[in-house]
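Hi,

Here is the model we talked about, with the sequence alongside. Have a look at it first, then read on.

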Amino acid sequence: MALREIFKFGDDILRKKCREVTAFDEKLWQLLDDMAETLQSQDGVGLAAPQVGILRRAVIIDVRDGNGVIELINPVITETEGVQVGNEGCLSAPGEWCEVERPQNVKVKAFDRNGKEIEVEGNGLLARAICHELDHLDGVLFIDRVKQDIPKRS
Ligand code: CO
């Protein structure tokens with residue numbers, strides 16, 4: 001495993017639409033393992049492949065609830081319910097926090113690293129993280145969804 005460089009806001013790569021993963025092979029597993037190590041080294045709850053320069057539809061999420069890392073390949077949100085408004089940040093924008101509205105609950109269909117279909121349900125922080133990371137796959141950043149800027153603490 002290896003740490004990968006996280007691209008920051010302002011880099012064009014974060015605005016690109018990612019292509020589907022078609023090969024569930026060692027190259028994908030290496031990417032996912034590296035992303036997990038990179039995420040663990042940071043104070044974040046999720047990371048999308050384009051943030052490490054790979055334009056493929058793969059994200060990982062770890063809301064540090066003891067359930068470990070969730071890997072979502074070619075994920076699609078199939079259901080949303082409710083609304084939550086809360087502070088959100090991004091490892092591609094260190095120190096920036098904004099108030100963003102997200103669904104309270106989401107259901108996602110995706111594939112695991114072996115190409116097996118999975119369904120994941122999330123609420124609260126997990127729902128927020130899923131929506132945030134899936135946005136990255138379409139070049140959408142949380143600052144695009146801001147309701148209100150939160151002043152930075154000095
Ligand atoms: Co992000």
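Below are my notes on the sheet, the helices, the metal site and the salt bridges.

A word on the ground rules before the details. This is a predicted model, so local features need pLDDT of at least 70 and side-chain atom pairs count only at pLDDT 80 or more, while totals for chains, interfaces and linings use all residues. Residues are numbered from 1 along each chain as its sequence is written, and side-chain values use heavy atoms, with hydrogens and water left out.

**The sheet**

Start with the open sheet of five strands, ordered β1-β2-β3-β6-β7 with antiparallel pairing. Strands here are DSSP runs of E with at least two residues, helices are runs of H or I with at least four, and both are numbered from the N terminus. Two strands count as paired if DSSP finds at least two bridges between them. The edges are β1 (46-48) and β7 (117-123); each has a single partner strand, so one side of each has no neighbour in the sheet. On average, neighbouring strands are turned by 35° against each other, direction ignored. For angles, axes are lines fitted to C-alpha atoms (for helices, over the stretch in contact), and values run from 0 to 180 degrees between N-to-C directions.

β2 and β3 run antiparallel and are joined by four bridges, with A58 standing opposite I73 in β3. β3 (residues 70-81) and β6 (residues 105-111) also run antiparallel, joined by six bridges. In that pairing E81 stands opposite N105 in β6, and the bridge partner of E79 is K107.

**The helices across it**

Helix α1 (residues 26-40) lies across β1, β2 (58-61) and β3, at about 35° to β2. Helix α2 (residues 125-136) lies across β1, β2, β3, β6 and β7, and runs at about 125° to β7. Contact means heavy atoms within 4.5 Å.

**The metal site**

Which residues coordinate the cobalt ion? The donors are C90 (SG), H132 (NE2) and H136 (NE2), at 2.0 to 2.2 Å. Donors are N, O and S atoms within 2.8 Å of the metal (3.2 Å for Na, K and Ca), and since water is not among the atoms, sites may look incomplete. In sequence the spacing is C-x41-H-x3-H. Both histidines, H132 and H136, sit in helix α2, four residues apart, about one turn of the helix.

Are those histidines buried or exposed? H132 counts as buried at 6% relative accessibility, and H136 is buried too, at 2%. The cut-offs are under 20% relative accessible area for buried, over 50% for exposed and partly exposed in between (1.4 Å probe, protein chains only).

Q51, in the loop between β1 and β2, touches C90 and H136, among others. Q51 is buried, with a relative accessible area of 1%. Its side chain makes a polar contact of 2.9 Å with that of S92. A polar contact is a pair of N or O atoms within 3.5 Å; within protein, one must be able to donate a hydrogen and the other to accept it, and residues adjacent in sequence count only if both atoms are side-chain atoms.

**Salt bridges**

The count comes to 11 salt bridges, taking one as a side-chain nitrogen of Lys or Arg within 4 Å of a carboxyl oxygen of Asp or Glu.

- R113 and D33, with the closest N and O atoms 2.8 Å apart. R113 is in the loop between β6 and β7 and D33 in helix α1, so this pair ties together parts 80 residues apart in sequence. D33 is partly exposed, at 27%.
- E79 and K107, at 3.4 Å, N to O. E79 belongs to strand β3 and K107 to strand β6, so the parts tied together are 28 residues apart in sequence. E79 is partly exposed at 45%, as is K107 at 24%.
- R102 and E88, with the closest N and O atoms 2.7 Å apart. R102 lies in strand β5 (residues 98-102) and E88 in strand β4 (residues 84-88), so the pair links parts 14 residues apart in sequence. R102 is buried at 5%, and E88 is buried at 3%. Salt bridges that share partners join E88, R102, R128, D135 and R145 into one network.

Cheers

Terms used:
Lists of a residue's contacts leave out its neighbours within four places in sequence.
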